[in-house]
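Hi,

Here is the model we talked about, ready for you to open. My notes on it follow below.

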Amino acid sequence: MVDRSFRLIFLGPPGAGKGTISAMAAERLGIPHISTGDMFRAAVKSSTPLGLEIKEILARGGLVPDALTIALVKERLAQPDTVRGFILDGFPRTVPQAEALEELGGIDAAVDFEVSDELVVFRLTGRRICGSCGAIYHVANKPPQQEDICDRCGGRLTIRNDDRPETVHARLAAYHAETEPLKSWYGARGLLLTIDGAPDAETVYRSFTVRLEHFLAER
Ligand code: ADP
Ligand code: ADP
Ligand code: ZN
């Protein structure tokens, strides 16, 4: 399954496991994992006027404007490491973003990880992120070996600013209003692959690889 191109997008609510499965799959497929959320968090760290504007949007759980998001992704997809494909984790999140992506060459599959709102809240409030390497943990589901220390690089684990319960509800609302319509948008184009995101990460990853292989073979 590794000798063809994979242009994939990962859909699903915050906390669906997009970042976790992306990290596993990108390594296995040898394609870059492109997370717009990670790119925005990097911009926030820069403390430029644009970074401060983005910081405020992320803190209230809103979406960054389409024009800005699309420009960022366009620049990233022009990099040579994307020739064999990519995993876009968290992009597109709106119909205009999906339309822009079609103009940038389109995709092979839109993989939608389905989880309930209740599970989203549980996953996000327990999520911990390595401040150095970005590795993803969960206090109950994937605890580090040493409390608050990254297994991979020894960095400190942090709680994402937008994983506080107040912000989680705003993000879920943005997901249902702006992003969920993409399921039928991609469904109508025969590009939607729906995966149950509720089981443990190994199980989700396995069903993703098996189902994707069949999906791409049939197209
Ligand atoms: P999660 O993985 O929990 O869904 P992300 O890391 O993907 O969160 O995104 C974090 C935040 O970055 C979002 O809540 C949103 O404010 C912003 N963001 C990320 N991707 C996009 C996008 N494609 N369009 C607009 N805003 C985005
Ligand atoms: P997303 O990128 O969609 O926001 P993440 O991959 O960051 O989601 O996962 C959100 C939280 O849920 C993290 O704490 C992660 O460790 C945990 N998690 C991810 N996938 C699973 C899974 N299949 N089962 C249990 N916990 C998971
Ligand atoms: Zn780390």
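**Ligand 2 and the zinc site**

In this predicted model, an N or O atom in the side chain of Lys-18 sits 2.8 Å from an oxygen atom of ligand 2; a polar contact here is a pair of N or O atoms within 3.5 Å. Gly-15 uses a backbone N or O atom, 2.7 Å from an oxygen atom of the ligand, and a polar backbone atom of Ala-201 is 3.1 Å from a nitrogen atom of ligand 2. The protein covers 92% of the 560 Å² of accessible area that ligand 2 has on its own (Shrake-Rupley method, 1.4 Å probe).

Now the metal. Cys-130, Cys-133, Cys-150 and Cys-153 coordinate the zinc ion (ligand 3) through their SG atoms, at 2.3 to 2.4 Å. Donors are N, O and S atoms within 2.8 Å of the metal (3.2 Å for Na, K and Ca), and water is not among the atoms, so sites may look incomplete. In sequence, the spacing of these donor residues is C-x2-C-x16-C-x2-C. Cys-150 is buried, at 3% relative accessible area, while Cys-153 is partly exposed at 41% (buried is under 20%, exposed over 50%, partly exposed in between; 1.4 Å probe, protein chains only).

A word on conventions: residues are numbered from 1 along each chain as its sequence is written, and chains are lettered from A and ligands numbered from 1 in the order in which they are written. Local features need pLDDT of at least 70, side-chain atom pairs count only at pLDDT 80 or more, totals for chains, interfaces and linings use all residues, and side-chain values use heavy atoms, with hydrogens and water left out.

Best wishes

Methods. Polar contact = N/O pair within 3.5 Å; in protein donor to acceptor, adjacent residues only side chain to side chain.
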